[in-house]
Amino acid sequence: MTYPIWYDTGMAYRQYISLVTGAALLGGAFATAQNPADRHPVYDAASPRESMLPVKALQLKCAPATEQRLTTVSLYPFDGETESEPLVLKGWRGERCSGQLAVSTGGAAAALQVSCTPLSRGESRLAASVRMVRYTRAAGVLTADVIGNESRCEHAAGGHRAVWFEVNVPQDAAPGRYTGKVTVTAPGCEPAVQQVVLEVQDAELPAPGDWKIHLDLWQHPQSVARWHDVEPWSPAHFEVMRPLMKRLAEAGQKCITCTLLDEAWNGQTFDWFPSMVRWVRGKDGVMRYDYTVLDAWIHFMHDEIGIREQISCYSMLPWHLKVKYYDEATGQEEYLSAEPGKPSFEMVWAPFLRDFHRHMQQKGWAAKTCIAIDERSDSMVREAMRLVQKNAPSFRIASAVDKPTALTREVYNISPVITHAGTALGPLLRERKAAGKLTTFYVCLHPAKPNTFTNSTPAEAEWLGFFAAANHLDGFLRWAYNSWNRNPLECTDFVHWPTGDCFLVYPGNRSSIRFERLRDGIEEFEKINLLRARAAESSAAAAIVENMNSRLAALFTVERSKTGNHVEDVLSARDIVSETLSALNALE
């Protein structure tokens with residue numbers, strides 16, 4: 001495949017990004033951020049690197065990620081005992097079960113290595129993994145969040161080390177109690193051992209591709225190209241994106257994020273969001289549209305990665321209300337103003353919509369295509385809807401809004417911010433479901449809680465999935481899956497956004513505690529909906545499910561979201577789901 005020269009990553013482009021995003025304020029020129037992930041050391045000390053000191057004793061303790069995030073200023077309490085309670089996990093067949101452990105070196109620096117056994121039940125074995133959690137700076141504090149692939153690290157003096165344990169329960173696993181152990185070693189001292197117990201419940205989650213949640217985390221291909229220093233849309237670019245986007249698909253993602261024009265959001269990220277469509281005005285004055293990059297991206301995500309439900313195209317209503325195009329007559333990049341309510345809006349967008357609609361019909365994607373709109377006024381949305389219905393009747397509208405109104409509620413896929421999600425519930429939600437429309441919610445730089453920032457309590461991320469399920473919403477939206485700053489492995493701050501607001505995962509296909517906890521909430525969403533389906537089995541089953549519904553509805557309200565009881569709510573909700581499963585299984 002030949003990739004257009006208009007995706008050049010030359011110096012002018014880098015200077016543009018620096019000016020638009022304020023990247024220079026983050027310390028360092030654009031070019032310094034282009035190291036591939038494997039050039040960054042695992043070492044992430046809280047203090048300057050020092051020689052490894054003798055370690056008198058290691059301790060390894062359960063530190064559930066739901067309850068506590070390890071930092072170097074808020075240390076997990078060790079009481080001097082050599083053993084602690086086992087790490088106890090519970091899950092369905094097909095579920096990913098994970099937990100956090102904390103390692104103490106008694107204040108000494110150490111070369112640590114961690115390992116684990118399979119989880120065993122009689123002759124049965126379940127494969128497990130354990131990895132070191134990397135610290136990154138979040139709002140000035142070194143905070144445990146990055147889950148990489150390393151099983152060893154050079155640990156600095158004075159702090160504790162987080163360790164992440166994970167098991168993907170096979171769908172054919174026999175229910176019952178499985179046990180194993182995690183071991184951490186350091187030169188010169190006895191190993192520390194922690195027992196792990198997994199209860200596999202008698203229920204099954206389908207494969208993520210069959211999950212029902214409408215998950216929409218916006219992707220940022222350009223950020224991956226910059227980090228790995230590869231040509232955008234080259235074979236190397238797709239290759240480094242593959243594991244990162246597979247991780248997203250395995251969390252239940254339904255939407256492919258596409259751009260119809262340059263920088264729809266006025267440069268609010270470190271990396272540019274360039275258009276995947278090239279607009280060219282020929283010498284004959286006719287506008288033509290090159291879909292080469294857009295097609296390559298959709299084919300990759302749709303056919304290879306397996307994200308196939310919705311193609312979200314941003315946007316007819318960019319924040320700057322302009323469209324950049326190449327003028328063959330002048331040989332220059334030019335701009336067209338396209339403001340709703342003015343003749344230029346239809347002059348720019350009607351020809352494009354007709355051509356784009358034809359193209360997407362030819363590709364077989366038209367019915368999946370949404371013209372996506374982000375926080376625009378009713379008057380603007382009305383104009384966009386009118387043009388889409390007139391010129392591209394197979395397309396639908398997806399809109400994230402601060403607060404739904406009578407107009408924006410009409411769109412196919414509506415997503416209010418969580419603080420206004422109550423306006424989309426009740427009879428309106430039931431009406432929308434009956435019409436085949438989607439209703440989700442989102443968080444972004446607000447509210448402060450619950451959210452998925454690097455310094456958020458991890459339970460908040462899981463709380464979001466429970467909130468969607470308890471309120472019968474279709475899913476969840478967040479504006480940034482991987483809009484990385486200059487170097488997120490060093491610091492997750494970006495300009496004035498809350499720390500970590502721009503991304504949920506890290507370069508090099510590294511996950512995070514907050515992403516894994518968000519995924520846990522998505523799994524709970526799926527469980528709750530599967531349990532609801534069992535209400536049709538009998539009147540007794542219906543009563544059990546109704547009891548579950550009422551208890552969850554009392555916990556996960558907009559008002560309660562602001563209270564800060566997210567840990568308690570999540571632990572209670574997990575118990576409710578388990579109790580409901582047990583009660584339903586007992587009827588059989």
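How many aromatic pairs does a search of the whole structure find? Keep that in mind, and I'll get to it after a quick tour.

Okay, hi everyone. The mean pLDDT of the chain is 88, and 87% of the residues reach 70 or more. The exception I want to flag is residues 1–53, where the pLDDT is below 50. That stretch still has 113 contacts in the model beyond near neighbours in sequence. Where pLDDT is low, though, the predicted coordinates should not be read in detail.

Now the overall picture. The chain has 588 residues, and 57% of them count as buried. Its secondary structure comes to 12 helices and 25 strands. Take the contacts between residues at least 6 apart in sequence: 75% of them join residues at least 24 apart.

Let's go inside. In soluble globular proteins, nonpolar side chains tend to be buried together. Here, the largest nonpolar core has 131 residues. Inside this core, the residues with the most contacts are Met245, Trp279, Trp297 and Trp349. Which helix gives the largest share of the core? That's α8, residues 459–470, with nine residues. There's also a second, separate core of 30 residues, and Leu60, Ala110, Met132 and Val169 are among them.

Let me zoom in on one of those tryptophans, Trp349. If you ignore neighbours within four places in sequence, Trp349 is in contact with Leu261, Trp279, Ser315, Met316, Val323, Ala338 and Leu387.

The search finds 24 aromatic pairs. One of them is Trp233 with Phe238: their ring centres are 5.7 Å apart, with 50° between the planes, and the pair counts as tilted. Are these two buried or exposed? Trp233 has a relative accessible area of 2%, so it is buried. Phe238 is at 8%, so it is buried too. Another pair is Trp265 with Phe273, which is edge-to-face, 4.9 Å centre to centre and 65° between the planes. Trp265 is buried at 3%, and Phe273 is buried at 7%. Ring pairs also link a whole cluster: Trp279, Tyr289, Tyr291, Trp349, Phe352, Phe356 and Phe395.

Next, a couple of helices. Helix α4 covers residues 292–305, so find that on your screen. From its first C-alpha to its last, α4 reaches 19 Å, close to the 20 Å expected for its 14 residues. How many of those residues are buried? The count is 10 of 14, which makes α4 mostly covered. Among the buried ones are Trp297, Phe300, Met301 and Ile305, and also Asp295 and His302. What covers the buried residues includes helices α2, α3 and α5, plus strands β14 and β17. Just after α4 comes Gly306, with a positive phi of about 95°.

Compare that with helix α6, residues 378–391. At 1.5 Å a residue, its 14 residues should span 20 Å, and the end C-alpha atoms are 20 Å apart, so the two agree. Its buried residues include Met380, Val381, Leu387 and Val388, along with Glu383 and Asn391. Helix α5 shows up here as well: the cover over the buried residues of α6 includes α5, β20 and β21.

Glu524 is found in helix α9, residues 513–533. Where does its accessibility put it, buried or exposed? Buried means under 20%, and Glu524 is at 5%, so it counts as buried. Beyond its neighbours within four places in sequence, Glu524 is in contact with Glu95, Glu462, Phe466, Arg574 and Val577.

The other one is Arg432, in helix α7, residues 427–434. At 3% relative accessibility, Arg432 counts as buried. Not counting residues up to four places away in sequence, Arg432 touches several others, including Glu410, Tyr412, Asn413, Ile414 and Thr439. Take Ile414: it sits 18 residues away from Arg432 along the chain, and their C-alpha atoms are separated by 9.9 Å.

Terms used. Residues numbered from 1 in each chain as written. Predicted model: local features only at pLDDT ≥ 70, side-chain atom pairs only at ≥ 80, totals over all residues. Heavy atoms only, no water. pLDDT = per-residue confidence, 0-100. Contact = heavy atoms within 4.5 Å. Helix = DSSP H or I, 4+ residues; strand = E, 2+ residues; numbered from the N terminus. Expected span 1.5 Å × (residues − 1). Buried < 20%, exposed > 50% of the residue type's maximum accessible area, 1.4 Å probe, protein only. Core = buried A, V, L, I, M, F, W, Y, C linked by side-chain atoms within 4.5 Å. Phe/Tyr/Trp six-rings, centres within 6.5 Å; stacked < 30°, edge-to-face > 60°.
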